[in-house]
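Dear colleague,

Please find below the structure that I am handing over to you, followed by an account of what was found in it.

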Amino acid sequence: MSLFDTLYTARSGMQAAQVGISVTANNTANANTEGYSRQVVDLASAGTLSTRGLLLGQGVTAGQVTRAFDAFTESRLAGERAGLSYAATLSTAYASLEALFEDGSETGLPALLSGFFDAFASLSSAPDDAAWREEALAAAGELAASFSSTAAHLGEQAELADASIATEAALATDLAVRIADLNRQIASAEAGGGDANDLRDERGRLIGELSEYVEVSVVEEGDGSVTLLVEGEALVQGANARSLVTSTDPATGLQRIYLQGDDGSRTDLTDRLRSGSIGAAIELRDERVPELLAELDQLAYDLVIAANAVHSAGYGLDGATGRDLFETPTAVDGAALGMRLSADVEGDPDALAAAADPAGLPGDGSVAAAIADLASAALVGGGETPVDALAGLVARIGSEASSAYAEAEQRQLVVDGLQAQRDATSGVSMEEEAVNLIRFQDAYEASARVLSTVQEMLDTLLQI
Amino acid sequence: MTRVTQLSRQHALLAHLRGASGRLFDAQVLAASGQQVGRPSDDPSAAGLLVRLRAEMSSRNAEVERLTLADLQMSATDAALDAATQVLTRIQEIAVQMATETLPPEDLQAAAEEVQALHDELVRIGNTEYGGRYLFAGQTYDQPAFQAEGTYVGSTSGVDLHLGDGGVVEVGTPGDGIFRGAGGGTDLFATAQDLIAALQAGDSDGVQATLDAVQEGLDQVIAARVSLGTRQDFVQSQAARSQDQADLLDADVRALSEADLTAAYTELADAQAAYEAVLQISSQALSVSVFDFLR
């Protein structure tokens, strides 16, 4: 064992302290970086050398730089993010949908529906009164317009959802491609025995982002790469990524979403995907909005058919009969959107039929009264009054909206909880880093001191 | 022990800020709108119930309006029948006087002329107009009920008021029953004409013969007034009932939809204080660093 060996030992201490400082510096710099995992340097003694029967240490080596990371928390966080973004997408849509049915609104469908019946009740008591006739015709027109605009607004939500599917599929594909590329880099870095901590952090962050669009199952492979599965189908495998592509279904005019490989083979995911914001958009477009629209259509259809049946049997102020009040819809589907006054009565208040008998003109208001009485007739879907049916629709939108909001809130709490766990495991603590800074600085100074001591000893030796 | 890291602090403070500002926003909306059930999701079942209650309330209010207008029309009809009663009473006086006394022909002629004037007055009463409607013309109330000589040209169907519960009350009774005795009553106009003819002929027996008919006519008009009064009572009490129901419904709607303002303002103050506290704590917590205390 020579003095020079001790020189090298001191050098290894200084080098290890330098690595420590550099890791601490990196941690401190990334203290606020989302998705960054705190890194730790593993110090190990450099082994021993037997010199004249003595086993003497060779100093220290900075082995690996590892990251503090909990794979379980990480994968749950990604999954819950998909759930949160699903619930948040639904919440946003419902916030817009339920705004149509605010309580007490003068221009909402509920107010206009009762206004329609009331106007015809009033007309029945003064069937020749021009002002009442104008009012009844306006009320019927406003009711039709409100049905139509409510249906249009519902349809718009479905269209917005439809449009978002294509955009988000493209963004998700972009992320999948980047993740596949990181897979390749990580596998090659780690094959050479290196650390790929930052690349892994970056990949974890991208998987989290991807999860907001669509839920993925993450399978870690032996070479450090991950396989990502969407609904059991591989989206990313090793360095290869498949694409999420959309194309318009000619039958419905709506986007269908496929998983497409390089060879052009396609798997249709439209009816299976119900997670993440893409899944929420599909669910809104294919299930939630159509169900609400169907209820609205049924109400509009039954009301129009019943009102027309009564109205066309009555007589207008001009003595003519057989005129519809509303345009007769061809089918239940689309009845609300297409609801409008019939051409026979539009712009002609005198054409409104209030009388049941031409001999009773103008004082007979029994047909107008019969139209007003439809308010309490069980005519919708075979058993509900129009007002009850509408009240049911409002309550349904309300409860669906309320559970969407509650789910979003709850999922936010779960994500917050998991994020807190992740922060506790992988986050950077300034206190720890401050301590490390002092620790490594002290170690560096001490090793330097050893170095200068050895140098003095060598000087002493040379002066002999 | 859970490690507390930079990101733990930031994320936790952010979550608290989000919570406190969300609560403050909700409290602000509640206090500003005064509405407990603004959007259906605030209380879905109450929202559904509110749609029903508001529809019911609006229909009651509309009914009150119709009943009030009908009441006014019936009052006008009553006034017309009152006038008819007075005319008939005067005819009766003349008939009694002429039947019991022997008078010179010029007095008889004058009496005949007065009865003719009263007859015409009766026709005018039969054609009373109120709010553009001929009150005794039945459903064809846009045309006069009687021609000048007393022929009924109105409709034989009465004008009905339809109530919200499907009930019907007649507000416009055709005049041919009241004035012409259609359906087995006394024809007031014909009776007056008979009296005029008897007076002009100086036929005191003939005048005597009309006395019964005049009395029956008077009874007939009074009976019509009584019937009208009964229906008007019903209309008035129905209006009062509907108004009561509308008021009750209004109270229910308010109870369901309106916020308790005291509670709302208390919550607003609470939420405001909580939000300010979180802001204060955040700014303090984030500005403290271990490095401030090292060297």
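The contact between the two chains draws on 49 residues from chain B and 58 residues from chain A. Please note that this is a predicted model. About 4,200 Å² is buried between chain B and chain A, and carbon and sulfur atoms give 54% of that area. On the side of chain B, the residues that lose the most area to chain A are B:Arg3, B:Leu7 and B:Pro40, which together account for 15% of what that side buries.

Chain B itself is divided into two domains: domain 1 covers 7-34 + 259-293, and domain 2 covers 70-254. The centres of domain 1 and domain 2 of chain B, taken over C-alpha atoms, are separated by 76 Å. One residue of chain B may be of interest to you, namely B:Gln92, which is found in helix α2 (residues 44-100) of chain B. Is B:Gln92 buried or exposed? The relative accessible area of B:Gln92 is 18%, and because the cut-off for a buried residue is under 20%, B:Gln92 is buried. Its contacts, leaving aside neighbours within four places in sequence, are with B:Leu211, B:Val214, B:Gln215 and B:Leu218.

Turning to the nonpolar cores, the largest has 106 residues, and those with the most contacts inside it are A:Phe120, A:Phe147, A:Leu325 and A:Phe326. Helix α4(A) provides the largest share of this core, 20 residues. Why does this core lie between domain 2 and domain 3 of chain A? Domain 2 (74-78 + 157-285) and domain 3 (97-155 + 287-401) of chain A both give residues to the core, so it lies between them. As for A:Phe326, the residues it touches include A:Phe116, A:Ala140, A:Ala144 and A:Val304, as well as A:Met339 and A:Leu341, not counting residues up to four places away in sequence. Another core lies apart from this one; it has 53 residues, among them B:Met98, B:Tyr134, B:Tyr152 and B:Ala239.

One is an open sheet of 4 strands in the order β5-β6-β7-β8 (chain A), with antiparallel pairing. Strands β5 (217-220) and β8 (240-241) of chain A stand at its edges; each has a single partner strand, so one side of each is left without a neighbour in the sheet. Strand β5(A) is joined by 4 bridges to β6 (residues 226-230) of chain A, and the two run antiparallel. Within this pair, A:Glu220 stands opposite A:Val226 in β6(A). Helix α5 (residues 197-213) of chain A packs on the sheet and touches β5, β6 and β7 of chain A, with its direction at about 0° to that of β6(A). Helix α4 (residues 130-191) of chain A lies across β6, β7 (233-237) and β8 of chain A, running at about 55° to β7(A).

The other sheet is also open and has 3 strands in the order β9-β10-β11 (chain A), again with antiparallel pairing. Its edge strands are β9 (243-248) and β11 (266-268) of chain A, each of which pairs on one side only. On average, neighbouring strands of this sheet are turned by 40° against each other, direction ignored. Strand β9(A) pairs with β10 (residues 255-260) of chain A over 6 bridges, in the antiparallel sense, and A:Ser247 stands opposite A:Arg256 in β10(A). Helix α4(A) packs on this sheet and touches β9 and β10 of chain A; the direction of α4(A) makes about 155° with that of β9(A).

With kind regards

Note on methods:
Residues numbered from 1 in each chain as written. Chains lettered and ligands numbered in written order. Predicted model: local features only at pLDDT ≥ 70, side-chain atom pairs only at ≥ 80, totals over all residues. Heavy atoms only, no water. Pairing = 2+ DSSP bridges. Contact = heavy atoms within 4.5 Å. Axes fitted to C-alpha atoms, helices over the stretch in contact; angles between N-to-C directions. Core = buried A, V, L, I, M, F, W, Y, C linked by side-chain atoms within 4.5 Å. Buried < 20%, exposed > 50% of the residue type's maximum accessible area, 1.4 Å probe, protein only. Domains from an automatic or database assignment. Buried area = accessible area lost by both parts, 1.4 Å probe.
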